[in-house]
Amino acid sequence: MKLSQFRFSLPDEQVALFPPHRTFENEDGTVERIYSRDQSRLMVIHRKRQIIEMYKKDADGNDTDQFLMFRDLVDYFDEGDTFVFNDTKVFPARLFGTKEKTDAQIEVFLLRELNAELRLWDVLVEPARKIRIGNKLFFEEDGPMVAEVIDNTTSRGRTLRFLYDCEHEEFKRELYALGSAPLPRYIVDRRETVAEDMENFQTIYAKNEGAVTAPATGLHFSRELMKMMEIRGFNFAYLTVHCGLGCFDSIEVEDLTKHKMSSEQIVIDESCCQLVNDTKQAGHRVCTVGVSTTRATETTVGTDGLLKPFNGWTNKFIFPPYDFGLANAMIANFYHPESTMMMLTAAFGGYDIVYDAYKLAVENGYQFGCFGDALLILDD
C-alpha cells in the first residue's frame, strides 16, 4: 500500500491534549480537572459483517442517540475471553538542562540506559546543532547533576555520561526527580505540562520500567473497569513491550514496503503464553490491547497459531494486507494520519472499513491521539 492512502484531514481541536475529564473553574479562577480513564468514546467494527457501531442500543436493539463509551466494551466479550496487556512502565524521560558557558536551554530526552556502572545514556537533544562532543550540561542550578556529551549517534542522538558519584539507585531517583512525563510532541508543543501528567501517562498495571511513551490504549483501563471485567470472568495476560519513539517517526517513502521501523524490546514469558494459548484452544476470544501488544504477539506467534516465549527485539512493521496469526479482537486508539499505528489498525480490521471508521470519527468529533477515543475491532 501507499502512504497517501492513510492521509486525511484531522482538525487540531480533535487531538486530545488531556485524558477524558470534566473541568471545573474554582472561585479564584483556577481550573480543576477530574479525570476518568474509561469515559472516552468507543467505536466498534465487526469486520466479517462489515458493520460499524457508534451508538448504544435500546431494549429493542435499535440505536439511541447516546455514543458508546469505553466501559461498554465489556458487553462485547464473554466469560473465558482473555485480554493481553502491555505492562511496560513509562519513566520521566524529558529533562531540561543548560549548556555550560552559554547557559542555552537544552531539552534532553532519555531513551535508554546503556551502562549502569558508567552512567551512560542514549538520549535525544534539542536543539541538536548546539550540542557537540565534550559539551557539559547542567540540570540544576548549583546542583550535582551534570552530564558530558561523549558521542554523536544520529542527527539528534547523543550519548551522555552523567557525572554523579553515588549508588545507582540513588542516581536513578535523583535523575527521574528532574524529569517530566514524556508526552508526545504534539501535546507538549500545545500546552504546558501539569502535575498529573506522569500519573495520567501511565497505565494502572504498569510494572516493568523501560518505555519512553505510553502504550496508549491501555490508558483507558481504570481500576473500576478492570474489577468489572474480573467479575465477568475475563482473563488478563501480560507481556512487556518497551515502547519507543519509533511509532512517531514520520514515514518518508510513498511505498510502505521501504519503510524501516525502529526496534523495540519485547519480553513474553511462559505464563502469558500458557494463558493466551489455553484461551485460544478453548475457543474463546483473545483480545490484544493496543498496537504495541499486537505487534509483539505477531512477532512471536508460531505457524500453529500459538504464542511463544520471547525475550528480544522487534522492528516488525505491519500494514495492509496482513494475515494475523493470534488475536481475534483488538482495541486501538484513533491515531494521526499516516501513522504506523493507524496502518496496523487498518491491517487488523481491513483497510476500507477502518478508513470509513476514521472518517466517521472525524465527522462526529471523536478525539485522536494517546489520550483520544478508542476503536474495538471484532472478528464477527
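Is Asp103 buried or exposed in this predicted model? Asp103 counts as exposed, with 58% relative accessibility.

**View 1. Asp103 in the loop between strand 9 and strand 10.** Asp103 is not a glycine, yet its phi is positive, about 60 degrees. Its relative accessibility of 58% is over the 50% cut-off, so Asp103 is classed as exposed.

**View 2. The salt bridge of Arg94 and Glu107.** The two side chains meet at 3.3 Å, N to O. Arg94 belongs to strand 9 (residues 94-99) and Glu107 to strand 10 (residues 105-115), so the pair ties together parts that are 13 residues apart in sequence. Arg94 is buried at a relative accessible area of 5%, and Glu107 is also buried, at 9%. Arg94 and Glu107 are linked with Arg185 and Asp189 in a network of salt bridges. A search of the whole structure finds 22 salt bridges.

**View 3. The salt bridge of Glu148 and Arg161.** The side chains meet at 2.9 Å, N to O. Glu148 lies in strand 13 (residues 146-152) and Arg161 in strand 14 (residues 157-162), and the pair links distant parts of the chain, 13 residues apart. Glu148 is buried, with 17% relative accessibility, whereas Arg161 is partly exposed, with a relative accessible area of 31%.

**View 4. The salt bridge of Asp380 and Arg285.** Here the N to O distance is 3.4 Å. Asp380 is in the segment after strand 21 (374-378), while Arg285 is in the loop between helix 5 (270-281) and strand 18 (286-289); the two are 95 residues apart. Asp380 is partly exposed, with a relative accessible area of 24%. Arg285 has a relative accessible area of 18%, under the 20% cut-off, and is therefore classed as buried.

**View 5. The cis peptide bond between Glu126 and Pro127.** Pro127 lies in the loop between strand 11 (120-126) and strand 12 (136-138).

**View 6. The cis peptide bond from Pro320 to Pro321.** Omega is near -10 degrees. Pro321 is placed in the loop between strand 19 (310-314) and strand 20 (329-333).

**View 7. Gln50 and its positive phi.** Gln50 has a phi of about 60 degrees although it is not a glycine. The residue lies in the loop between strand 3 (42-46) and strand 4 (51-53). At 48% relative accessibility, Gln50 counts as partly exposed.

Note on methods: Residues are numbered from 1 along each chain as its sequence is written. This is a predicted model: local features need pLDDT of at least 70, side-chain atom pairs count only at pLDDT 80 or more; totals for chains, interfaces and linings use all residues. Side-chain values use heavy atoms; hydrogens and water are left out. A salt bridge is a side-chain nitrogen of Lys or Arg within 4 Å of a carboxyl oxygen of Asp or Glu. Helices (H or I, at least four residues) and strands (E, at least two) are DSSP runs, numbered from the N terminus. Buried means under 20% relative accessible area, exposed over 50%, partly exposed in between (1.4 Å probe, protein chains only).
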